[in-house]
Amino acid sequence: MASGEQASTSSADKQLDVNILKEIAKKDLVNGAKTLVLDASLAGPLGLVTEVSLLKHHGVDKMFWLEPGPLTSSTNNIVYICRPRIKHVKIIADHIKRHAKESRKHNYTLLLVPRVSTLVSRILEEEGVLGDVTISSYNLQFIPIAEDVISLEHENTLRELWVDGDETIIYDSAQALLNVQRIFGHFPQIIGKGDYAQARRLATLLSRQNPKASNGSSPEPLSSSSSKIDSLIILDRRVDMITPLLTQLTYEGLVDELVGIKNCKSFNTTAGATSAPTASTSTTPAAIPVVAVKKDAKKKHHLTTATDPLFAELRDLNFSSVGKKLNQVARRLNEDYKTNLQGQTVAQLRDFVGKLGGLQTEHQALGLHTRLSELIVPLTRTDVFNKSLEIQQNLLASYEVTAQLNAIEDLIAQGADMQIVLRLLCLASLTAGGVKAKNLENIKREILQAYGYEYLPLLLSLSAPSLSVLFPNPLPPSTPSSVAALKYPFAQLRKSLRLLIDDNPEALDEVENDISFVYSGYAPISVRLVQCIAQKGGVISNPAEKEKASNEANSAGDQKKLSIGKVQAHPIVGWKGFEDVVSVIPGQTVEIVQKTSNNVVASGPLAALGSTTTTTVVFFLGGCTYTEIAALRWVGRQNKGRKFLVATTGIVSGASIIEGIAGIGQSAGPKTTAATV
């Protein structure tokens with residue numbers, strides 16, 4: 001359905017061409033270097049904008065991981081690409097000192113992603129090698145990972161912001177969004193919601209750093225607004241911590257949960273794809289993970305609609321519908337092969353040969369997704385998986401919370417994965433307004449005894465006021481009022497934002513025709529907040545039900561039905577109509593209207609021309625899930641005249657959030673991003 005609609009859209013109804021961002025990144029990367037030493041965590045993002053063959057074409061002779069130990073290079077020029085982290089700079093300084101002792105002369109260039117840091121220069125100066133290194137920046141910003149999704153591919157943003165207190169990513173996000181403005185035009189409006197005012201800070205940075213922007217306090221207005229973008233919506237991840245803790249139930253989301261997707265690549269764990277490469281900085285060069293792996297022992301699949309049209313049809317489906325869809329595609333391919341092979345004339349045979357390439361491509365895609373589905377199905381039938389889903393559904397409905405806490409303790413006794421247990425415990429805390437102190441302490445004790453006391457810092461971080469996702473109920477009397485105000489009002493939002501769809505036969509059609517399909521009956525709060533701005537009618541009632549009623553009332557024809565079903569997108573007018581709902585969510589509300597040079601408020605091109613299709617940029621500060629992307633795509637299909645471009649600091653899941661805060665796997669970059677040639 002989605003692919004059919006995309007095929008039938010007019011040129012005015014197409015998405016913004018975000019591939020220009022990839023070309024800019026590619027142009028900045030190619031610099032004629034001879035030896036490339038790469039931070040392993042950047043291998044995946046770089047693989048999305050360039051490939052090894054292109055680097056070699058521009059003079060890159062060898063590539064190594066940035067690791068401790070000696071670096072042997074036969075070339076004169078050595079280029080390091082890494083993020084500005086102390087451990088990386090120490091390794092680089094050690095390489096330079098080793099070469100100096102061995103009387104080997106090289107020209108060193110350090111490219112920092114995404115910008116130069118004063119801290120790096122200071123460390124190199126303390127190490128006594130600052131004069132030997134040319135420091136520059138490689139401005140790797142938004143990377144297109146889908147036709148409607150761009151990502152900074154920055155790992156552990158949540159930990160950096162709300163555990164470590166490192167706000168560097170806010171500045172980097174502002175720079176990336178400013179770059180989007182330079183390409184597509186200024187955002188007429190900036191609207192957002194952000195706990196601890198992170199969204200406010202980001203919006204303020206955008207308006208301050210843009211000399212032509214106006215947030216109401218500056219006399220200098222915009223000279224021109226974008227004709228393609230009607231607004232920027234900024235959502236702080238802390239505004240909705242419930243959604244990423246849930247198990248994603250779309251095809252792409254479930255693949256991420258159970259198999260793993262990193263930098264658009266899915267890994268087949270049964271083929272040993274998670275094993276680490278044996279590359280060493282001293283002997284074996286590493287390759288950016290775009291080159292195909294020659295050995296079957298390590299398999300990975302690049303999930304992209306550019307080369308896999310079937311993925312576009314499957315990625316946003318609820319997993320319960322994937323089997324039926326694969327069966328339909330298999331039957332259609334079988335019929336296409338039979339029909340074409342029955343051709344008798346030369347012309348018919350020529351047509352068959354012309355279609356054969358496309359059929360074979362689709363056949364290969366069908367095989368890939370069938371294998372992935374076969375890998376996932378057994379995992380979804382385990383006792384732990386189904387018990388986890390049951391606990392999630394009961395907690396969302398506030399059904400017998402004490403019984404759900406007992407069920408979580410049972411999972412600990414069964415040896416369930418630590419991240420599953422902690423996700424459920426945090427979910428219970430957020431949905432119920434806290435957990436009884438005695439129960440909470442007992443479960444914490446059981447977690448430490450079962451999984452190890454090395455997770456004590458993780459429990460402390462989850463309970464800290466900055467995150468506030470694990471707290472007792474009632475709060476201790478000594479709790480400051482500022483911390484008490486951070487308690488999440490889930491019970492109130494569940495009703496006002498229509499978060500749950502009743503699980504009964506009458507509501508089945510409504511679930512399938514609402515954003516709640518991504519969690520089989522639960523609508524993500526973050527996407528409901530986007531609807532409060534860009535599709536206000538969709539919050540109160542289901543626009544798909546209106547479409548169904550219109551289609552039943554009209555018997556003129558399919559095309560006419562389709563045109564009646566889509567609702568014309570309304571102009572962006574901020575949080576109007578939902579001020580009371582938004583005000584109960586912790587965090588400041590952001591509304592900045594930027595003005596044109598003639599002091600006329602620019603409320604978006606839709607205000608002036610209803611037939612124009614514009615794009616609303618939704619930026620998730622702290623990461624977003626594949627299910628939220630699927631839900632936003634659904635909202636976009638219901639509107640006529642508005643598309644959505646999802647921008648994010650990175651793709652997250654409940655597992656990646658818990659493991660990121662715990663510091664698990666931070667040094668495991670090469671395990672999933674490297675490939676040996």
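Reply: A definition comes before the rest: a residue is buried if its relative accessible area is under 20%, exposed if over 50%, and partly exposed in between, using a 1.4 Å probe and protein chains only. This is a predicted model, in which local features need pLDDT of at least 70 and side-chain atom pairs count only at pLDDT 80 or more, while totals for chains, interfaces and linings use all residues. Residues are numbered from 1 along each chain as its sequence is written, and side-chain values use heavy atoms, with hydrogens and water left out.

Me: Is Cys 624 buried or exposed?
Reply: Cys 624 counts as buried, because its relative accessibility is 0%. Cys 426 is buried too, with a relative accessible area of 1%.

Me: How many disulfides are there?
Reply: Taking a disulfide as a pair of cysteine sulfur atoms within 2.5 Å, the count is zero.

Me: And the whole chain, what percentage of its residues count as buried?
Reply: Of its 677 residues, 53% count as buried. The chain has 31 helices and 17 strands, these being DSSP runs numbered from the N terminus (helices H or I, at least four residues; strands E, at least two).

Me: Back to Cys 426, which residues does its helix meet?
Reply: In H17, Met 418, Leu 422 and Cys 426 meet Leu 458, Leu 459 and Leu 462 of H19, where contact means heavy atoms within 4.5 Å. By class, this contact has six nonpolar, no polar and no charged residues; Ala, Val, Leu, Ile, Met, Phe, Trp, Tyr, Cys and Pro count as nonpolar, Asp, Glu, Lys and Arg as charged, and the others, Gly among them, as polar.

Me: Now H23, what angle does it make with H29?
Reply: Helix H23 (residues 525-534) and helix H29 (residues 626-638) pack at about 30°, with axes 9 Å apart. Axes are lines fitted to C-alpha atoms, for helices over the stretch in contact, and angles run from 0 to 180 degrees between N-to-C directions. H23 is therefore roughly parallel to H29, since angles under 35 degrees count as roughly parallel, over 145 as roughly antiparallel, 65 to 115 as roughly perpendicular and the rest as oblique.

Me: Which residues of H23 touch H29?
Reply: Ser 526, Val 527, Val 530 and Gln 531 in H23 meet Glu 628, Ala 631, Leu 632 and Val 635 in H29.

Me: Why is H23 described as largely enclosed?
Reply: Ten of the ten residues of H23 are buried, so the rest of the structure largely encloses this helix.
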